[in-house]
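Open the model in your viewer and keep the sequence beside it. The stops below each begin with something to select.

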Amino acid sequence: MIVVVGRVSTDAEKRDELVRIGETVAAASRAEPGCISYRVYEATDLENQFVFVEEWDSSRALQQHFATLHIAEFMQAIPAAITAPPDVKFHTIAS
């Protein structure tokens with residue numbers, strides 16, 4: 001399994017747009033083959049901080065995910081909704 005954790009920061013003005021973008025990409029991604037889970041969480045202790053957590057059953061499924069139209073649209077939209085570069089980590093879970 002591959003787990004992707006992406007942390008992003010926004011501000012009060014951009015927050016609603018970030019939530020809309022996150023909900024859109026999460027819903028589309030959850031419908032993909034190989035997607036185990038795709039969630040967007042808001043930090044309770046840090047204002048305007050969000051975490052995207054994706055679980056994929058294989059590297060192949062994740063690579064196919066990166067080639068989808070909704071990811072292209074997400075990558076185009078997200079820079080305008082965040083206030084700092086995202087921090088994205090990929091984790092391979094053996095068992």
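Predicted model: local features only at pLDDT ≥ 70, side-chain atom pairs only at ≥ 80, totals over all residues.

Residues are numbered from 1 along each chain as its sequence is written, and side-chain values use heavy atoms, with hydrogens and water left out.

**The sheet**

Select the four strands, which form an open sheet in the order β2-β3-β1-β4 with antiparallel pairing. Strands here are DSSP runs of E with at least two residues, helices are runs of H or I with at least four, and both are numbered from the N terminus. Two strands count as paired if DSSP finds at least two bridges between them. Look at the edges: β2 (35–42) and β4 (87–92) each have a single partner strand, so one side of each has no neighbour in the sheet. On average, neighbouring strands are turned by 10° against each other, direction ignored. Such angles are taken between axes fitted to C-alpha atoms, for helices over the stretch in contact, and run from 0 to 180 degrees between N-to-C directions.

Next, select β1 (residues 2–9), which is joined to β4 by six bridges, the two running antiparallel. Within this pair, V4 stands opposite F90 of β4.

Which strands does helix α1 lie across? Select residues 15–30: α1 lies across β1, β2 and β3 (49–56), and runs at about 170° to β2.

Now show the charged side chains; the structure holds four salt bridges. A salt bridge is a side-chain nitrogen of Lys or Arg within 4 Å of a carboxyl oxygen of Asp or Glu. One joins E17 and R20, with the closest N and O atoms 2.6 Å apart. Both residues belong to α1 and are three residues apart, about one turn of the helix. An α-helix has 3.6 residues a turn, so residues three or four places apart point the same way.

Another salt bridge links R15 and D16 at 3.4 Å, N to O. R15 is partly exposed, at 26% relative accessible area, whereas D16 is exposed at 57%. The cut-offs are under 20% relative accessible area for buried and over 50% for exposed, with partly exposed in between (1.4 Å probe, protein chains only).

D87 is partly exposed at 32%, and K89 is partly exposed at 42%.

**Helix α3**

Select residues 69–77, helix α3, where the buried residues are H70, I71 and F74. Seen down the axis, these buried residues fall within an arc of 100°, so they line one face of the helix; the arc is that of the directions from the helix axis to the C-beta atoms. Turn to the other side of α3 to find L69, M75 and Q76 exposed. The buried residues of α3 pack against α1, β3 and α2 (59–66).

**H65**

Last, select H65 in helix α2. Is H65 buried or exposed? At 1% relative accessibility, H65 counts as buried. The H65 side chain makes a polar contact with that of E32 at 2.7 Å. A polar contact is a pair of N or O atoms within 3.5 Å; within protein, one must be able to donate a hydrogen and the other to accept it, and residues adjacent in sequence count only if both atoms are side-chain atoms. Leaving aside neighbours within four places in sequence, H65 is in contact (heavy atoms within 4.5 Å) with residues including Y38, W56 and H70.
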